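Here is a short briefing to read alongside your structure. Take a look at the model first, and then we can walk through it together.

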Amino acid sequence: MQNQYTLTSTGRIKKIIRHPFAGFVLIGVILISLQLIAILSGGAWPKSSMLNGFASVMIYAIVGYGFTYLLGYAGLASLGTAGFVGLGAYITAYVLRNMPGVPYIAVILGTLLISLILGTIVGFISLRIEGIFLAIVTLGLCEIFYQLFSNWLDFTNGPNGASISKYPIFQTFFNMSRRDAQSAFYILLVFITVGLMMLTYNLGKSSTGRAMLAMKNSSSAAQAMGISLLKYRLLAFLLSTAYAGLGGVMFMSYLRYSAPQNYTIMFSLNILAAVLIGGSRNLIGTFLGCFIVFGMTPIFLQDITLFRENPWIINVTIGAIIVMVVMVYPGGLVQLANNVKSFFKTTIADRRLYKYGTDD
Amino acid sequence: MAQTTDNKRTQKLKGAGQRRILYSQIEKLERDIRVGQELIQVEAKRLAQKSHSKAAAFENDLKKDLFKEELALQPAAATRDVWLGEQLPKLEDKQRLQYRKLRQDLRRSENLLDKKGRLKDSDAQLSAPSKKKLDELLAEQNKQRDELSQSLLRKAQDSRLDKAALASRQAAFDKAQADKVKRVKDLQAQLAKNDAEHMAAFTKKREARIQVLRNKLTGKQARLHESALGAQYDLPQDVCLRLDNVSMVFGGLRAVDNLSFDVKKGEIFGLIGPNGAGKTTVFNCITQFYKPTQGDIIYRTHEGNVLLLNYYQVHDIITKGIVRTFQNVEVIGELSILENLLIAAHQEYTAGFFSQMLNSRKVRREEEVMRERALKALDYCGLTAIKDLPPVGQPYGTLKRIELARTLMAGANLIILDEPAAGLNDQETIELTHLIRKIQKDYDVTIFLVEHNMGLVMDLCDHICAISFGKKLAIGTPQEIQSNPVVQEAYLGTDDTEEIIAHTEVV
Amino acid sequence: MSIQDILQTIVNSLPTIGRYSLITIGIVLIFRTTATTNFAQGLIATFGTFLTTWAALTYTALPLWLCLAMGMTASFLLGMFVDVALIRRARHITPSGKQMITMGVLMILVNVIPVLFRDITLWTRPGKSFSTAILTFNFFGYTLNITEMGLLCFVTAVVVLGAVFAALKFTKWGLGVRATAANESVAQMLGVNTRVITAFSWALAGGIAALGGFFTGAGTALNVTLMGNAQIYGFLACVLGGFGSFPAPILGAVIIPLVNNFAGNPNLFGPNAGMWQNMITFIVILLLILIFPNGLLGKKYIKKV
């Protein structure tokens, strides 16, 4: 006679933790709790500058998720991201300022549409030009956008930057106060970020993601297996520009101000750095990478005098990290995490061996 | 033979264009039908699994409730055994660790261990006093276990019920037990009934869908047949692939020069020739990696449609049932072996882009179907053990088998193998020969291969074509080729060869 | 547009052609020997220029050419350092990866240079400044003018480029470079010391680029983004001309300033031409690249599958 209950409760919890979405939801929960604590403590901690820092991390992360399709899945080096983000931001500003009454959702969809059209164009360009030269051409593209933003005064208000006065939806529709609208928009951002993480993950694990990886690793084999290079390259660009455009909309909606100086090559390089640091395909890694590249300064380092007065230290460190990641740790943070895990495992195993000897 | 006058060509092109559209529609329909059928099997399997685990969980819950009662009613010894079964392993583990720790400490004190804690010399023995200490510990531990057993027995005995209570509760228990068995049976019956209903509805819906698709298919095929009556390309019924005066010119280099041959349906056909003869170029022309400068490549699909492959793009070739392997093994290093196979079925996926983003039920079902296919293909090629590993670091022979497994994923009609035995030793080559023959028989495909290993080629192929400098030297059965003097001179070696070797040695 | 105008526009482009060719030759040297598109090229040039300026401003007794030599040496060494320390160790990494390494170097340099050379913003030397003289000359009856510095720049560029091409063709080093460019492993097997060759190529590219930086910055306020434009245009020149040979990108370096100056000519595009000048240039170049994806003088390689 034997007792054969299957353990159910711990097993179920383990299954939930192992689910890939668990990490995404955890990040969302942490972010929202920060906001709730701020509301409850009446703004004492976390300070609003810290929350703004987290919000910009989320916005950059949205752009980063799109970039993972380009870099991690399709293996295309594109430096034009900044331009598309700026485009989204400026379209938002223009429409919300000059066309009152247009619903916010229309702005988002309109931006997506325009981004898709432009993304298609860039995608077609990428078919004519080989891998590393594409980086050069998209660099030029980034410059074109920058010139456009600086010079097309009617659309972008030039070097003075564009702005919107109220938070969309929450101030315009619900008539909340500025502070409340900011908090509400922050929470909306969290939902958008986590939701996008899930969608991006699903797409990456599906046949589309696999097709892009095949295309990246071996274009001949991919073609022989029925994957049209044209289609998937275009798709990679479409997705990344759509995400970038959406990020731009969020940028303008939350920060409510933006100038051409925001959208230089350094922006594109920083996104590249963030995605690379995280491990080009991993979404949580991308989020952490964005946190390191974009978030450390406004959230923590602002308070340390050394870093506030010498911002170059952080940027130099980021540059050095890029070099090290490419040379030594191509898998980025994900590889680092795995190595740490296996290090602990081996250390524990060694300890056991020392203490108890071999089992014979 | 294809006619090459201009207006006739343009005339046929229009018809050909229509036919191409029909072909792609037909392929899509066939694909949907295939996936639909496999979906039914996968759904049945899934339901069976689900019901099984539901019933098992239910039974477990009921058992839990009755278990305590069962224990109380058992004779003391049996109850003790159960409790012992729960508690003894924990005690034993603890004791085991205790023993090992003591042994390790003793060994360390006698300097038998290296820095890491392993024995320096595997036969080293402890001294007698140490051994005595260990035996003492073992005896102590034995005593502990006995004590535990005794205490549990006493506990069991104390908690036994008296005769009267025993009888009544036994009766109640038996009734509850029978009740439980009945309830489990009822649940299983209910689940089975639900499953059967669901499957019936599901199958009916799917079959209806499939029937609709089949009707569409017959319609399209009828139209195709009409339109094909005007087609200029025709193959004898038994020919699968025909190269008709194919030439491939790169700048000044004629890589393939007016090559023509037929590959019969269901046979294994070999292409041999010295290095640089243009064999891989022929492959690439057939699979449309290069467009032939001249000439036609005519192919008969599984359903009997005759196509001119020149009109198709390289990524559409697989939809016609032509799959290939590569001379330099091209596997995707960033994915696991299983996922590598899933890519091969890429064209079979029907779910749309947004469904994939949302991971809809359709996507999940299709993924299941493809996974089943991949597992079958892996099993067929003997790769199941390593299916979740990345292909990086696997031995070369394994990589070749992965490529071969890939060809089984998408309903192939013609499998093209580019030097499948390159880099394999004799044993592996023999296994490969068997595998290729097996594939040809089980999957009913035509196989076209390029190979340098003459043993494999002569053994395996039904017909062989020998080429040199892009030109055809000879075509025939292995015996004919072996005895053909032109082929011998160009490739296999003649009796004169020995003289030449002797002469060079002197020098 | 009158012929006078056209000729003058062409002459106006000559200094820029000179500057861009100096940077372009560096880029193509690096690319052909190490298969890397060096995104930090402009900054290496900027580094040298800043050093030249600092030397000139701090040690006012030194003649200018000596300071220039110091700056070029600094860039020379920096280029060599990047190759030896980073690129050489990253041999096994794809060209894309090497490109990203140079992007990292770019990020480091763009932040370090302003810190190192904190106080240099204006290139003026007490008592000495760059000549702003304009030379006028007669060309087939048309009066054209060009700044003295501009002419100097163009002539220097022609001389330097000539020297480099002569070296490539006639010296042992040049042969080594061409061999390494064709196939590094085979060159190694044939006894070419590819390490020295690549290190020297990077160094030379750096030094020449510093010369270009000097001419770019002469007479203007110095900023770390000095060579930003030049680098982008330099890369585009390489893609436009074709990476397949050494002289081809120079063709690109000639075409781009011409297009730029014509695009900015008010006679052609109206009074606001200056605003859209860069955009038009980019779009024209992009179109040309799309039409000739392997470069104007490039060759298409078919890969064997």
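The notes below cover a sheet, its central strand pairings, the nonpolar cores and a pair of helices.

Please keep in mind that this is a predicted model. In chain B, six strands make up an open sheet with mixed pairing, in the order E6-E7-E8-E3-E9-E10. The largest nonpolar core holds 258 residues, and in chain C the helices H2 and H8 cross at roughly 65°.

**The sheet in chain B**

- From one strand to the next, the sheet twists by 15° on average.
- E6 and E10 (471–476) of chain B are the edge strands; each has a single partner strand, so one side of each has no neighbour in the sheet.
- E6 (residues 322–324) of chain B runs parallel to E7(B), and three bridges join the two. Within this pair, Val323(B) has Ile415(B) as its bridge partner.
- On to the next pair: E7(B) and E8 (residues 446–450) of chain B are parallel too, with five bridges between them. Here Leu417(B) is bridged to Leu449(B).
- At the other end of the order, E9 (residues 463–468) of chain B and E10(B) are antiparallel and share five bridges. Ala466(B) finds its bridge partner in Ala474(B).

**Strand E7 of chain B**

- How many residues of strand E7 (residues 414–418) of chain B are buried? Five of the five are, so the strand is largely enclosed by the rest of the structure.
- Both of its faces are covered, with Leu414(B), Ile416(B) and Asp418(B) buried on one side and Ile415(B) and Leu417(B) buried on the other.

**Nonpolar cores**

- Among the 258 residues of the largest core, those touching the most other members are Tyr186(A), Leu189(A), Met250(A), Tyr263(A), Phe287(A), Leu449(B) and Leu236(C).
- Helix H3 (residues 48–73) of chain A is the top contributor to this core, giving 17 residues.
- Another core lies apart from that one; it has 40 residues, including Phe261(B), Leu271(B), Cys285(B) and Cys465(B).
- Leu449(B) has contacts that include Ile268(B), Phe269(B), Leu417(B), Ile436(B) and Val457(B), leaving aside residues up to four places away in sequence.

**Cys465 of chain B**

- Cys465(B) sits in strand E9 of chain B and is buried, with a relative accessible area of 0%.
- Leaving aside residues up to four places away in sequence, Cys465(B) touches Phe261(B), Phe269(B), Gly270(B), Leu271(B), Ile272(B), Lys472(B), Ala474(B) and Ile475(B).

**Helices H2 and H8 of chain C**

- The axes of H2 (residues 41–58) and H8 (residues 194–217) of chain C come within 7 Å, and the crossing is right-handed.
- Which residues meet here? Gln41(C), Ile44(C), Ala45(C), Gly48(C), Thr49(C) and Thr52(C) from H2(C) meet Ala205(C), Gly206(C), Ala209(C), Ala210(C), Gly213(C) and Phe214(C) from H8(C).
- The residues of this contact comprise six nonpolar, six polar and no charged.

**Phe200 of chain C**

- Phe200(C) also belongs to helix H8 of chain C. Is Phe200(C) buried or partly exposed? Phe200(C) is partly exposed, with a relative accessible area of 33%.
- Phe76(C) and Trp173(C) are touched by Phe200(C), not counting residues up to four places away in sequence.
- The C-alpha atoms of Phe200(C) and Val177(C) are 9.5 Å apart, and the two residues are 23 residues apart along the chain.

Conventions
Residues numbered from 1 in each chain as written. Chains lettered and ligands numbered in written order. Predicted model: local features only at pLDDT ≥ 70, side-chain atom pairs only at ≥ 80, totals over all residues. Heavy atoms only, no water. Core = buried A, V, L, I, M, F, W, Y, C linked by side-chain atoms within 4.5 Å. Buried < 20%, exposed > 50% of the residue type's maximum accessible area, 1.4 Å probe, protein only. Helix = DSSP H or I, 4+ residues; strand = E, 2+ residues; numbered from the N terminus. Contact = heavy atoms within 4.5 Å. Axes fitted to C-alpha atoms, helices over the stretch in contact; angles between N-to-C directions. Left-handed = near helix turned anticlockwise from the far one by under 90°. Nonpolar A, V, L, I, M, F, W, Y, C, P; charged D, E, K, R; others polar. Pairing = 2+ DSSP bridges.
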